[in-house]
Amino acid sequence: MTLVHVVLPGDIDDPADPSGGNAYDRRVCHGLAALGWTVREHPVPGGWPHPEPAARAALAGLLAALPDAALVLLDGLVAAVVPEVLAPHARRLRLVVLVHLPAGDEAEARSLAGAAGVIATSEWTRRRLLDRHRLPAGRVRVAAPGADPAPVAPGSPAGTRLLCVAAVTPLKGHDVLAAALATLADLPWTCDCVGPLSRDPGFVERLCRQLADTGLADRVRLPGPWAGAARDAAYAAADLLVLPSRRETYGMVVTEALARGVPVLGSDTGGLPEALGHTPDGHRPGLLVPADDPAALAGALRRWLTDPTLRDRLRRAARRRRDTLTGWTVTVDRLAAALKEAASA
């Protein structure tokens, strides 16, 4: 039986602030346990990735208390910002860093340099880490997120129900979406922007003002985070997932939508094209536009809303792509293999 210590952000199970990274971590912990691993979770309180001195001290104390040669999987949100905390234990412990969102800075480089292994959640992330930090290629493995099977969303004939699932922050580009939708007021549509509102209150305030100034406050809804049945219902009612991110490591919501046969309109950035993927015959199950480009996003949305042939084609492609998605078992198997490799290195 293999024992792994998993170091996690303290808010991993906070229902008011869900994230793809936290969801991934939770699925991995459960998946490893299902494989027969002994998983000991160590949530570390603090404002990661901007930890207070007390949070740094708590992490240092945690690592110091682990026995020699212990296998430790650390969420990159924690590990990548405290190389000075990891360094004293890099030779004594088998440290493996799980990178959800690469920072590309010196602190991350130092943290990863001392790790026995690195696990990236997309091929794009792996390439970026290798390019930025010149890590040995064999030390960086990929375990992309899985997707749960779900019923196919029926879709409405006019395709007017738009859905954006993301924390409302500048990184996710809700202001870009609002600017694009402002040019489409002549068309029928509604848009639900589902996600946490607490991470950048100033941005949320500016976005609400932007929506009010352009007359969209009653057509673009910001209900906050939805989970469980409410989140499932949002996907089931959606015609198109819109993800206008300025940067995206992968985009688990993309495969969540595709698992329901819902096409995706997203930014051509980072690992998002990888998550969108292709059908077996090479077609995209959605549309990609340049990031931070309201005009391009508006043009793609107008095409979707006015072209029934395009909607039908993308819906067929999304349902074919749905059949190619891999589940979380594959993710966990790949991560477990990477951990075993690091443990024996």
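## Salt bridges in this model

A salt bridge is a side-chain nitrogen of Lys or Arg within 4 Å of a carboxyl oxygen of Asp or Glu. Side chains of opposite charge can pair when their charged atoms come close. The structure described here is a predicted model.

## Asp-239 and its two partners

Arg-315 belongs to helix H13, which covers residues 308–322, while Asp-239 sits in the loop between H9 and E10.

Arg-161, at 33% relative accessibility, counts as partly exposed.

## A bridge between two strands

Another salt bridge is formed by the side chains of Asp-192 and Arg-221, at 2.6 Å from N to O. The pair links distant parts of the chain, with Asp-192 in strand E8 (residues 190–194) and Arg-221 in strand E9 (residues 220–224), 29 residues apart.

Is each of these two side chains in a buried or an exposed residue? Asp-192 is buried, because its relative accessible area of 18% is under 20%. Arg-221 is partly exposed, with 38% relative accessibility.

## A network of three residues

Salt bridges can also share residues. Asp-13, Arg-26 and Glu-41 are linked in a network of salt bridges.

## Two domains and the interface

The protein is divided into domain 1, made up of residues 3–146 + 326–344, and domain 2, residues 161–323. Taken over C-alpha atoms, the centres of the two domains are separated by 29 Å. In the interface, 21 residues of domain 1 are in contact with 13 residues of domain 2. The area buried between the domains is about 1300 Å², and carbon and sulfur atoms give 59% of this area. Of the area that domain 1 buries against domain 2, 37% is supplied by Leu-101, Trp-124 and Pro-145, more than by any other three residues.

How many salt bridges does the rule find across the interface of domain 1 and domain 2? It finds one. The side chains of Asp-17 and Arg-199 also meet in a salt bridge, with 2.7 Å from N to O. Across the interface there are also seven residue pairs in polar contact. On the side of domain 1 that touches domain 2, the elements that give two or more residues are helix H1 (20–34) and helix H6 (123–133). H6 gives the largest share, four residues. The residues on this side of domain 1 divide into eleven nonpolar, seven polar and three charged.

Technical notes
Residues are numbered from 1 along each chain as its sequence is written. This is a predicted model: local features need pLDDT of at least 70, side-chain atom pairs count only at pLDDT 80 or more; totals for chains, interfaces and linings use all residues. Side-chain values use heavy atoms; hydrogens and water are left out. Domain bounds come from an automatic or database domain assignment. Contact means heavy atoms within 4.5 Å. Buried area is the accessible area (1.4 Å probe) that two parts lose on being put together, summed over both. A polar contact is a pair of N or O atoms within 3.5 Å; within protein, one must be able to donate a hydrogen and the other to accept it, and residues adjacent in sequence count only if both atoms are side-chain atoms. Ala, Val, Leu, Ile, Met, Phe, Trp, Tyr, Cys and Pro count as nonpolar, Asp, Glu, Lys and Arg as charged, and the others, Gly among them, as polar. Buried means under 20% relative accessible area, exposed over 50%, partly exposed in between (1.4 Å probe, protein chains only).
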